[in-house]
Number of protein chains: 2
Amino acid sequence: MSSRVNASYFPQAERVAIFGGTHGNEMSGVTLVNMWIKNRAEIERSGVAVRAFITNPRAVEKCSRYIDTDLNRAFTPENLSTASGDGLPYEVQRAKEVNQIFGPKGSPDAYDVIFDLHNTTSNMGSTLILESSTDYFNLQMVHYIKKAIAPESCMVLLNEHPHLKYATTRSVAKHPVGLEVGPQPQGVLRSNIFESMRAIMKHALDFIELFNSGVEFPACSVEVFRVHERVDYPRDTNGNITAMVHPHLQDCDWEPLNPGDPMFQTFDGRTIPYEGASPVYPTFINEAAYYEKQQACITTRRETLAANAIRKISK
Amino acid sequence: MSSRVNASYFPQAERVAIFGGTHGNEMSGVTLVNMWIKNRAEIERSGVAVRAFITNPRAVEKCSRYIDTDLNRAFTPENLSTASGDGLPYEVQRAKEVNQIFGPKGSPDAYDVIFDLHNTTSNMGSTLILESSTDYFNLQMVHYIKKAIAPESCMVLLNEHPHLKYATTRSVAKHPVGLEVGPQPQGVLRSNIFESMRAIMKHALDFIELFNSGVEFPACSVEVFRVHERVDYPRDTNGNITAMVHPHLQDCDWEPLNPGDPMFQTFDGRTIPYEGASPVYPTFINEAAYYEKQQACITTRRETLAANAIRKISK
């Protein structure tokens, strides 16, 4: 049984959380999580406690991304270790609370898995976001999900970038998983996006139930798109944008962009090409929330990761 | 010359304004107007003074729909006649300022034409919004625009409804024209939507220039969609929505909805049909900004309006 020899062993995933409303205007996660808080039958699985949770209730109430600062960038060691107090931005205070309930981040007491549900205005379809290329539990889970929802597609974005990785809400867990589904405008609930997100969560929880029951998942490979660079809009000296995403690039998330391909279109109709040295796969193209982050898209590189077989540690 | 006998005569349109940023997160109008403020060559026409103007600069700065209240509902007689003071909501104060510069509303001193540029998250394409079925100047203008941009389409929404008509920013002018282009998420600038709006404004200004030059526009007919009813989302007793726009209706703005057709889909998968007595044409389907207005869509009825020939009054 050679697969057994090479298998990686993980403890049973006993505590799982599903977060909605990390950004208060991303309505699929807000609506699903509120629905599951009222009636948890759909997310119950044997051998695991699954908790649905609204992470940024004030932003949800206001239907805005955040109140003071982006919660999904707030889980830094500095924020999590700072003293509580009235002067803290709302989301920093909230990050400390979330960390207390579901963490502490990096500790043995942290939740096993946290799914954080997001929407994007970009044409990204369903995208699972991972933070480590060596977390075989997560790689096996996304492999399982991709197979289960075929022929529908589900992409995997890997953000291990030394500078572009950020301190996500889900990073409190041992196995953090982001789920980003689009295109959907902020503040809007579309049935197709809602059902796509719901289907992926079903398969994710099924995987955890199977894993906990003792099923061994054999070694596999997973195609991922690794975060490579952030690309800003062209801007004038005052910081105002001077060009739009080119119509040939708009909505073409995950498609190859080759050197010389049109990337931006200036207001007077001039085309600005992609000037990189080699093909990339852009994503988060023209996402509403990223104008303030000086980001017109991120480029990625496609690669195939190998995942060891995994199995639960016998008690 | 029978057309001459029946022509309606209007004074030359000497002062025209183009408003952007009435809603600060509707980026096509914000961007075009800011562009035209910097360089007005594109909107200059002989015989008319055209002024580009940002109506809600604080909302634009914040990239939000409004600060205190919806500016595009604020031009009521009560607001416009109330005394200025520190306690006023920002948009009420701003409405009074706009009315002072471009009005007073209903007076001979008011601007001749105001175009107000909007975006929608709904799949409405390009839509001109009129407030009167007997304003032949405006009917002739939209007829001209529709012909000029063919084979691209431009719909005309007529809001003369006794209860659903609202006190728009553009209502300050003698001839108010709304331009609504979508789908575009709030906070996003898409090149296709930007260029559609720009093309319509070009033809609108061309029409005014021709009219001012003395051209007579012969009698014509215009297909419009008249606002009929507002339809809310199904809600529970706490006011929370319990169903989404049905996938068969989503994105189908301007298409006929017949009695019995699917209208909403509940979270547990049940279909709620349209229960009206006769076909309607829904629009503003699932618009982000209308959740707070308890509006999933508005229904309209299609009709054809006749417009007299128009000609400028000779000096």
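In strand β13(B), B:Ile298 is the bridge partner of B:Thr283. The model described here is predicted.

The pair belongs to the contact between β12(B), residues 281-283, and β13(B), which are joined in the antiparallel sense by 3 bridges. Strand β13(B), residues 297-307, also pairs with β8(B), residues 220-231; that pairing is antiparallel and extends over 11 bridges. Within β13(B), B:Cys297 stands opposite B:Val231.

**A sheet in chain A**

In chain A, an open sheet is formed by 3 strands in the order β9-β10-β11, with antiparallel pairing. Its edge strands are β9(A), residues 243-245, and β11(A), residues 271-273, each of which pairs on one side only. From one strand to the next the twist averages 35 degrees. Strand β9(A) is joined to β10(A), residues 262-266, by 3 bridges, and the two run antiparallel. A:Val245 has A:Phe264 in β10(A) as its bridge partner.

An element of the other chain covers part of this sheet. Helix α7(B), residues 191-212, lies across β9 and β10 of chain A and runs at about 125 degrees to β9(A).

**Relation of the two chains**

How is chain A superposed on chain B? A rotation of 180 degrees with 0.0 Å of shift along its axis does so, with an RMSD of 0.0 Å. This is the relation of a two-fold axis. The same surface serves both copies, since 100% of the contact residues of chain A recur in chain B. Among the residues of chain A, A:Pro185 comes closest to the rotation axis, its C-alpha being at 2.3 Å.

Within chain B, helix α7(B) packs against α2(B) and α6(B). The axes of α2(B), residues 27-38, and α7(B) come within 9 Å and cross at roughly 55 degrees. On the α2(B) side the contact involves B:Ser28, B:Gly29, B:Thr31, B:Leu32, B:Met35 and B:Trp36, which meet B:Ile193, B:Phe194, B:Met197, B:Arg198 and B:Met201 of α7(B).

The crossing of α6(B) and α7(B) is right-handed. From α6(B), B:Phe137, B:Gln140, B:Met141, B:Tyr144, B:Ile145, B:Ala148 and B:Ile149 take part. They meet B:Ile200, B:His203, B:Ala204, B:Asp206, B:Phe207, B:Ile208, B:Leu210 and B:Phe211 of α7(B).

In chain A, helices α2(A), residues 27-38, and α7(A) pack at an angle of about 55 degrees, with their axes 9 Å apart. They are therefore oblique to each other, and their crossing is right-handed. The residues in contact are A:Ser28, A:Gly29, A:Thr31, A:Leu32, A:Met35 and A:Trp36 of α2(A) with A:Ile193, A:Phe194, A:Met197, A:Arg198 and A:Met201 of α7(A).

| α2(B) and α7(B) | 7 residues | 3 residues | 1 residue |

**Backbone exceptions in chain A**

Most residues other than glycine have a negative phi, and most peptide bonds are trans. A:Pro151 is placed in the loop between α6(A), residues 136-149, and β6(A), residues 154-158.

A cis peptide bond also joins A:Gly182 and A:Pro183, where omega is about 10 degrees. The loop holding A:Pro183 runs between β7(A), residues 175-182, and α7(A), residues 191-212.

A:Cys63, which is not a glycine, has a positive phi of about 50 degrees. This residue lies in the loop between α3(A), residues 57-62, and α4(A), residues 77-81.

Technical notes. Residues are numbered from 1 along each chain as its sequence is written. Chains are lettered from A and ligands numbered from 1 in the order in which they are written. This is a predicted model: local features need pLDDT of at least 70, side-chain atom pairs count only at pLDDT 80 or more; totals for chains, interfaces and linings use all residues. Side-chain values use heavy atoms; hydrogens and water are left out. Two strands pair if DSSP finds at least two bridges between them. Helices (H or I, at least four residues) and strands (E, at least two) are DSSP runs, numbered from the N terminus. Axes are lines fitted to C-alpha atoms, for helices over the stretch in contact, and angles run from 0 to 180 degrees between N-to-C directions. Contact means heavy atoms within 4.5 Å. Copies are superposed by least squares on the C-alpha atoms of residues with pLDDT of at least 70 in both. Ala, Val, Leu, Ile, Met, Phe, Trp, Tyr, Cys and Pro count as nonpolar, Asp, Glu, Lys and Arg as charged, and the others, Gly among them, as polar. A crossing is left-handed if the near helix is turned anticlockwise from the far one by less than a right angle, and right-handed if clockwise. Angles under 35 degrees count as roughly parallel, over 145 as roughly antiparallel, 65 to 115 as roughly perpendicular and the rest as oblique.
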